[in-house]
Amino acid sequence: MAELQEVQITEEKPLLPGQTPEAAKEAELAARILLDQGQTHSVETPYGSVTFTVYGTPKPKRPAILTYHDVGLNYKSCFQPLFQFGDMQEIIQNFVRVHVDAPGMEEGAPVFPVGYQYPSLDQLADMIPCILQYLNFSSVIGVGVGAGAYVLSRFALTHPDTVEGLVLINIDPNAKGWMDWAAHKLTGLTSSIPEMILGHLFSQEELSGNSELIQKYRNIITHAPNLDNIELYWNSYNNRRDLNLERGGDVTLKCPVMLVVGDQAPHEDAVVECNSKLDPTQTSFLKMADSGGQPQLTQPGKLTEAFKYFLQGMGYMASSCMTRLSRSRTASLTSAASMDGNRSRSRTLSQGSESGTLPSGTPGHTMEVSC
C-alpha cells in the first residue's frame, strides 16, 4: 500500500466554531445590509467630538465622497433626497461615502451647556483630518452646502493634496461686512432664529409660497430639540473669516470645482463672485433653474447628472450612462467674451427648466450652465 501523505487544508475564510456555511452567508449578508444602512462613528478632535456616518466600503484607488451640511440641517435633512435619488445609485455604488454632522447637529445630540464655545468654521475644517485618519482614507471629493461648502473649501485650502474635487452649493467665501452685520442685527430684532435660518436656506419666493417643502423644513428647524446648538453653528457661520480667494494668486482652490446655485437663491451673487475668483480651467458654474435655495432638495435629478459629468471630468466613471439630462431637449450653446480681462472665454448653456447638461468643454473655459 502506498504511503499516505498528510495534507493540511486551510479554509480561505474559516468558519466560527459551530458555524454552518448557511449561517456564515447570513452573517455576511447582514454585514452588507449594515454597511448599506450606514455605520455611525464619533472621534475626538482638538476642538471636540465630531460624528459621521459611513456608507459602503472603500474602493481601490478611489477617493471617498465626503459631505458637509448647512446650518439648520444635519446630513440626513440636507443630503438624503439627493443620495436616495434613483440615478444617484450608480455613483454611490462606485464610491464610499462619509457624511459629517457638525458638532451638536447629529440626531439625538445633547444640548451644549451654557457658555460652551462652539468651534469656528476654520476649526470645523481642522476636524476633518481626524476623521480621515480614523478611517484611513487618503483623499476625498467634497460635497458641501452653505456653511458646509465653506468648511470644505477651508479644508481644501489647508490640505490641497487630500481633496481631489469639490462640489460647492451656495458657497459664500466672504466674511460679513459692516453693512451685512447691521442688516443681520436689525433682522435679529424682528425675526426668530428659525426664521433667520430659513431665510438663509430658501429664497423669499419660496418662503412666501409656503410649499410643502418649506412647511417641512420650517417644522424641522422650529421644533428641533437641539435648536440652541443650531444657533451656535449659525453664529459661527456669521463670524466666518474671508477665504481671500484670488484668481492666479497663492490662495486658491487647486482641485476641480463645481459651483452650484439655484436661480433666485439668496446666495446667487456670492457664488457668482466666488466663480470670478477661481481658476477658470478648473471651475464649472452650474446655475439651476426652478431649484430655489436648495438644489439638492428640489432638483436632485439635475444635480446628479451634473455630478456624473464632474466625476467623468476627473477621470472616474468613464462608462457611466447619462440617463436624464443628456437625452433631453436640444441645447442652445453660446459663447461670449468675458468682461474680466484675465478670464478666458466663457461658455454658457441655456436650456428650459426641465432639462440641461454640463458639456465637456475645452480646457481653459469656465462652464456657466443654466438648466
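Let's start with Asn 170, which is buried, with a relative accessible area of 0%; buried here is under 20% relative accessible area, exposed is over 50%, and partly exposed is in between, with a 1.4 Å probe and protein chains only. Before I go on, the housekeeping: this is a predicted model, so local features need pLDDT of at least 70, side-chain atom pairs count only at pLDDT 80 or more, and totals for chains, interfaces and linings use all residues. Residues are numbered from 1 along each chain as its sequence is written, and side-chain values use heavy atoms, with hydrogens and water left out.

As a reminder, most residues other than glycine have a negative phi. Asn 170 sits in the loop between strand 6 (163–169) and helix 6 (178–190). Helices and strands are DSSP runs, H or I with at least four residues for helices and E with at least two for strands, numbered from the N terminus.

The other spot is Lys 61, not a glycine either, with a positive phi of about 60°. You'll find Lys 61 in the loop between strand 2 (48–55) and strand 3 (64–68). Buried or exposed, then, for Lys 61? Exposed, with a relative accessible area of 83%.

Now the helix pairs. Helix 4 (residues 121–135) and helix 5 (residues 147–158) pack at about 65°, axes 8 Å apart. Axes are lines fitted to C-alpha atoms, for helices over the stretch in contact, and angles run from 0 to 180 degrees between N-to-C directions. That makes helix 4 roughly perpendicular to helix 5; under 35 degrees counts as roughly parallel, over 145 as roughly antiparallel, 65 to 115 as roughly perpendicular and the rest as oblique. On the contact, meaning heavy atoms within 4.5 Å, helix 4 brings residues including Leu 121, Ile 128 and Leu 132, and helix 5 brings Tyr 150 and Phe 155, among them.

Last pair: helix 7 (residues 193–201) and helix 10 (residues 227–238) pack at about 50°, with axes 11 Å apart. That makes helix 7 oblique to helix 10. The contact residues include Met 196 and His 200 of helix 7, and Glu 231 and Trp 234 of helix 10.
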